[in-house]
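Thanks for asking me to look this one over. Here are my notes, point by point.

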Amino acid sequence: MGLKEEFEEHAAKAKLLPESTPNEDQLILYGLYKQATVGKVNTDRPGIFSMKERAKWDAWKAVEGKTKDEAMNDYITKVKALHETATSS
């Protein structure tokens with residue numbers, strides 16, 4: 001299985017994570033997903049009153065230096081770790 005296929009498989013698994021997954025972890029996944037699928041941030045930072053969108057933008061910006069392959073690998077690793085944590089709780 002290639003990296004892109006494994007990434008897509010784990011993107012589907014990420015949707016099955018429990019709702020109790022901490023926001024911080026969800027934001028990390030969001031940033032890595034966007035970096036892996038879009039590349040570097042291509043929008044302006046949302047305003048102060050759009051706190052949710054601003055947090056998502058900041059999470060994406062935080063991983064902007066990663067290549068798409070690095071972001072995919074990190075995403076896969078994070079999803080695996082979150083699933084292990086969820087199943088051991």
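1. Helices here are DSSP runs of H or I with at least four residues, numbered from the N terminus. The model is predicted, so local features need pLDDT of at least 70 and side-chain atom pairs pLDDT 80 or more, while totals for chains, interfaces and linings use all residues. Residues are numbered from 1 along each chain as its sequence is written, and side-chain values use heavy atoms, without hydrogens and water.

2. Let me begin with the aromatic rings, which pair if their centres lie within 6.5 Å (planes under 30 degrees apart are stacked, over 60 edge-to-face, the rest tilted). The whole structure holds three such pairs. Phe7 and Tyr33 are stacked, because their centres are 5.5 Å apart and their planes at 20°. This pair joins helix H1 to helix H2, 26 residues apart.

3. Tyr33 also pairs with Tyr75, tilted, at 5.9 Å centre to centre and 55° between the planes.

4. How exposed is each ring residue? Buried means under 20% relative accessible area, exposed over 50%, and partly exposed in between (1.4 Å probe, protein chains only). Phe7 is buried at 4%, and Tyr75 is buried at 5%. Tyr33, at 35%, is partly exposed.

5. Beyond its neighbours within four places in sequence, Leu29 is in contact (heavy atoms within 4.5 Å) with Ala14, Leu17, Tyr75, Lys78, Val79 and Leu82.

Note on methods
Phe/Tyr/Trp six-rings, centres within 6.5 Å; stacked < 30°, edge-to-face > 60°. Helix = DSSP H or I, 4+ residues; strand = E, 2+ residues; numbered from the N terminus.
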